[in-house]
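Please read this note with the sequence and the model open side by side. The points below are numbered so that each can be checked on its own.

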Amino acid sequence: MQESFDLTTLIFLALAVFVIWRLRSVLGTKTGNEKPPRDAFGRETPGSRGARSGGGDNVVRLPNGSAGAPSSPDRWKGVAAPGAAVTEGLDEIARQEPQFNGREFLEGAKMAYEMIVTAFAAGDRKTLKDLLSKEVYDGFEAAIADRETRGEKAETTFVAIDKAEITAAEVKGKTAQITVRIVSELISVTRSAAGDVVEGSADQVVDVTDVWTFARQLGARDPNWQLVATEAGQ
């Protein structure tokens, strides 16, 4: 009986050791150097990679990329033409913050654009307040309030962003500004309180061109870029 018990115990112990070994081989072990999941909009800073400041769910961070970005003539390939005036501004931004990455910034700007456009249509003031400078927010909020006063409701469906390019970049003191021209496809309609269409179309895709400028303080603990200016593009 004792031998039977010991044999059964040994079999279960062997199975437990095998299962633990398999789990470790698949999942790995913690080394103390693990990094949290990367925030799609996050500017990675030492010790806080992908973290959101202040715990705000609507804080959008346009990525600055990782340290060690290439300094070759192809650094801004796909972002700005070689020798263009915009590259001088991008070079200055990268000089003050070497981890800045233009391509990742551009991808973040596209995502921020979609979030802002849809939040404006939905009248989502909380999201907009985190993404816009005070001056731009005041303008957006006034338009939303005016729409609400008339009892109108806006609906925007994002179809695609056809093109996005950095058209200007500069540093004034410690403030960096980057202007992005975005060409998108949207379905946009505004309805009256009775449900009648007063502007746009519920089934027609339209091309929209916007020129938006984002800014932030270089070297600041706050990693967030904010929309500081908007204008219709051509």
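Is glutamate 92 buried, partly exposed or exposed? At 24% relative accessibility, glutamate 92 is partly exposed. Here buried means under 20% relative accessible area, exposed means over 50%, and partly exposed is in between, with a 1.4 Å probe and protein chains only.

1. Basis of the note. This is a predicted model, in which local features need pLDDT of at least 70 and side-chain atom pairs count only at pLDDT 80 or more, while totals for chains, interfaces and linings use all residues. Residues are numbered from 1 along each chain as its sequence is written, and side-chain values use heavy atoms, with hydrogens and water left out.

2. Confidence. The pLDDT is the predictor's confidence in each residue, from 0 to 100. Its mean over the protein chain is 76, and 68% of the residues reach 70 or more. A contact means heavy atoms within 4.5 Å.

3. Overall layout. The protein chain has five helices and five strands, in the order α-α-α-α-α-β-β-β-β-β along the sequence. These elements are DSSP runs numbered from the N terminus, helices being H or I of at least four residues and strands E of at least two. Of the 234 residues, 36% are buried. Among contacts between residues at least 6 apart in sequence, 58% join residues at least 24 apart. The chain exposes about 13,800 Å², of which carbon and sulfur atoms supply 54%; this area comes from the Shrake-Rupley method with a 1.4 Å probe.

4. The whole structure has eleven salt bridges, each a side-chain nitrogen of Lys or Arg within 4 Å of a carboxyl oxygen of Asp or Glu. One of them joins glutamate 92 to arginine 95, with the closest N and O atoms 2.8 Å apart. Both residues lie in helix α2 (residues 85–96), three residues apart, which is about one turn of the helix. An α-helix has 3.6 residues a turn, so residues three or four places apart point the same way. Arginine 95 is exposed, at 57% relative accessibility.

5. A salt bridge between helices. Glutamate 141 and arginine 125 meet through their side chains in a salt bridge of 3.0 Å, N to O. Because glutamate 141 is in helix α5 (residues 134–149) and arginine 125 is in helix α4 (residues 125–131), the pair ties together parts 16 residues apart in sequence. Glutamate 141 is partly exposed, with a relative accessible area of 24%, and arginine 125 is partly exposed, with a value of 24%.

6. A salt bridge between strands. Arginine 191 pairs with glutamate 155, the closest N and O atoms being 3.3 Å apart. This links distant parts of the chain, 36 residues apart: arginine 191 in strand β2 (residues 175–191) and glutamate 155 in strand β1 (residues 153–172). Arginine 191 is partly exposed at 23% relative accessibility, and glutamate 155 is partly exposed with a relative accessible area of 31%. Elsewhere, salt bridges that share partners join Arg125, Glu141 and Glu148 into one network.

7. Helix α3. The 21 residues of α3 (residues 102–122) should span 30 Å at 1.5 Å a residue, and the end C-alpha atoms are 30 Å apart, which agrees. The expected span is 1.5 Å times one less than the number of residues. Buried residues of α3 include Phe105, Leu106, Tyr113, Ile116 and Val117. Their cover includes α4, α5, β1, β2, β4 (206–217) and β5 (226–232). At the start of α3, a side-chain oxygen of asparagine 101 comes within 3.0 Å of the backbone nitrogen of arginine 103. Just after α3, glycine 123 has a positive phi of about 70°.

8. A buried arginine. Arginine 216 is in strand β4 and is buried, with a relative accessible area of 4%. A polar atom of the arginine 216 side chain lies 2.9 Å from the backbone oxygen of aspartate 222. For the backbone oxygen of alanine 220, the distance to a polar atom of that side chain is 3.4 Å.

Notes: A polar contact is a pair of N or O atoms within 3.5 Å; within protein, one must be able to donate a hydrogen and the other to accept it, and residues adjacent in sequence count only if both atoms are side-chain atoms.
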